[in-house]
Every structure is written in C-alpha cells, then in structure tokens.
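This briefing is meant to be read beside the sequence and the coordinates. Please keep both in view while going through the points below.

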Amino acid sequence: MPSVIHAFPGFDLPAEPQVPEPSPEGRRRFRTIWISDVHLGTRGCNAEMLIDFLDSTDSETMYLVGDIIDGWRLKKKVYWPSTHNDIVWRILKRARRGTRIVYIPGNHDEMFRQFAGMNFGGVEIRRAAFHQTADGRKLMVLHGDEFDAVMLAHRWLAFVGDALYTMLMGLNRWTNSVRRKLGLPYWSLSKMAKHKVKNAVEFISHYEEIVARAAAARGVDGVVCGHIHTAEFRDFDGIEYWNDGDWVEGCNALVEHFDGTMEILNWPEEIARRNAEAEAAAQVGDPANMAAAA
Ligand SMILES: [Mn+2]
C-alpha cells in the first residue's frame, strides 16, 4: 500500500483517511447528489458535517458544483487540516467504487477550470453539465458565478456582503462551539440574517430569476447551481431553479431520488432527526421503561 496517492497534479493525499470511513453498506442511496461551496482550505468549511454526510449517503452520480476548494484563501494563507484531506479522499474513493463524479469548478476553484474535459482519478472536470432526471427532465448544472456580471448593479452589495459574511461566519463558528459545549444542535446564524436583511433577499431573488431565465433560453427544464450559499427551489413559469446550498453554514445537499423526485437535504436537521430516532429506539429497548409500561 503506498503511503500517498497522487490525486491531482501537485496534490498528494494520504493513502488512508484520518477519520476512518465506515462501510458503504446501509447508506441512504440516491440516484444523484449535488453539493457545492464546500470551501476546503478555509476555517469556514464545516468538514465534520460533510464527512458525516458522505459517510451516510451514496449515489450513482455525484456533482461537485464548484467552490469545493478555496484557492483564493489558500494563496493567502495555507489552512489545510486532515479533515479536508479526508473529504478529498472520500470523493476519490467514491469514484473508485463506481460513482460517476462530475466536478464543475466555481470561481474560488477556477484554477481547475483549465482542466475542463479531463479526468483525474475518475473525477470528470467540466465547465457545465446537462443532467437527465429519471423522469426525463433536462437540467443544466453550473456553479453560477457566470451571472455575476449581470448582477453588476448589485456589486456594492456583494462587496459589503463579503466583509459582513466573513464577520458573520466568525460569529457563527463561535456560537456553534458554545452550543456544542451546551449539547445544543447546530444553528445557522447567517441563514437567519439573510432572511432578515431585505436587500439580501432581493439580491438572492433577482439572482435566482436571472439564472432560471438563462436556463430557459438554453431550452432545458431547469437549472442546478450553487455560488450564493442559499439552498432553494423555485419555479419560474415552469423552469425549475435548484440551489444546492453550501457546507459553510447551511450544510445542504440536493438529491434526486430514483423516481426523479428532487429534495434539498438540510444535514444538521437530518442529524437531529437521526439522534432523536436513536434516542427513541434506546428508550423502547430500555428495561426500566418496559417495566414502567407494564
Ligand atoms: Mn462561488
């Protein structure tokens, strides 16, 4: 067994992950999974949550819809904990197990766009993709920064937004480390903030419509994108807009079931449900409770 795997040019990976991967048996299986905006290489990345998601699910196809690795931040300062290696390792392992992996680089990992059309370790790199659902709908898959220029009028907001966003993320990490110590579930601060700030709501709404209209012009039934870190489904005159969210604070994934039904998963909620079910099952099996019931 080699001690390192040559994953990408200039990028070596340990042969085994730090956090061992459980057996793929018993996972929730989907036809398709879309994730984006993981921002590996930044403190904002919720790596533990994503590892839990990857270890709990499986699919025939998986789309990585951009901003998976944050090259901008990595250039400034190297932040690369072992959990980030573990995520890359798990994705490559999925490819080796037979999952079709399509990687569509975003604006933060645009250095991979030059490799569009190539294949590394079973990962196909594309500029955009077209996905056919099980019930025959055609969806265009792209990161979504392609529309930033159209959003020029809102640039100032995006700029203010970035500084504010970085600050919020710091506050989000602090809040959740306190909540974790208190045994409370994960809570998304910016999810609440985004819905409270009127300008942000208008910006997001405008963006969603622009992307959906662009998809309509390409003659597809809908679009899947990421980029704005806001998981959402919207219907614009029959054109479906799906955003798979992010793994910085929302921790969402978009999935397609085997009948073509699409669903946005909120992973902190899925974990809370799983824990509640485990707790309920433990109580049923508890002899003290059975004695009380008798
Ligand atoms: Mn982006």
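The points that follow go from the chain as a whole to a sheet, a nonpolar core and a helix.

The model is a predicted one, and its chain holds eight helices and 14 strands. Of the 294 residues in the chain, 32% are buried, and among contacts between residues at least 6 apart in sequence, 68% join residues at least 24 apart.

**Sheet**
- An open sheet of seven strands has the order S6-S7-S5-S4-S3-S13-S14, with mixed pairing.
- Its edges are taken by strand S6 (119-120) and strand S14 (262-266), and because each has a single partner strand, one side of each is left without a neighbour in the sheet.
- Within this order, strand S4 (residues 57-64) and strand S5 (residues 100-103) run parallel and are joined by four bridges, with Thr61 standing opposite Arg100 in S5.

**Nonpolar core**
- The largest nonpolar core comprises 52 residues, and those with the most contacts inside it are Leu64, Val65, Val223, Val224 and Ala253.
- When neighbours within four places in sequence are left aside, Val223 is in contact with Leu139, Met140, Val211, Ala212, Ala215, Tyr241 and Trp242.

**Helix H7**
- Helix H7 (residues 267-284) has 18 residues, which at 1.5 Å a residue should span 26 Å, and this agrees with its end C-alpha atoms, which are 26 Å apart.
- Helix H7 is hardly covered, since the count of buried residues among its 18 residues is one.

Terms used:
Residues numbered from 1 in each chain as written. Predicted model: local features only at pLDDT ≥ 70, side-chain atom pairs only at ≥ 80, totals over all residues. Pairing = 2+ DSSP bridges. Helix = DSSP H or I, 4+ residues; strand = E, 2+ residues; numbered from the N terminus. Core = buried A, V, L, I, M, F, W, Y, C linked by C-beta atoms within 7 Å. Buried ≥ 20, exposed ≤ 12 C-beta atoms within 10 Å, placed from the backbone. Contact = placed C-beta atoms within 7 Å. Expected span 1.5 Å × (residues − 1).
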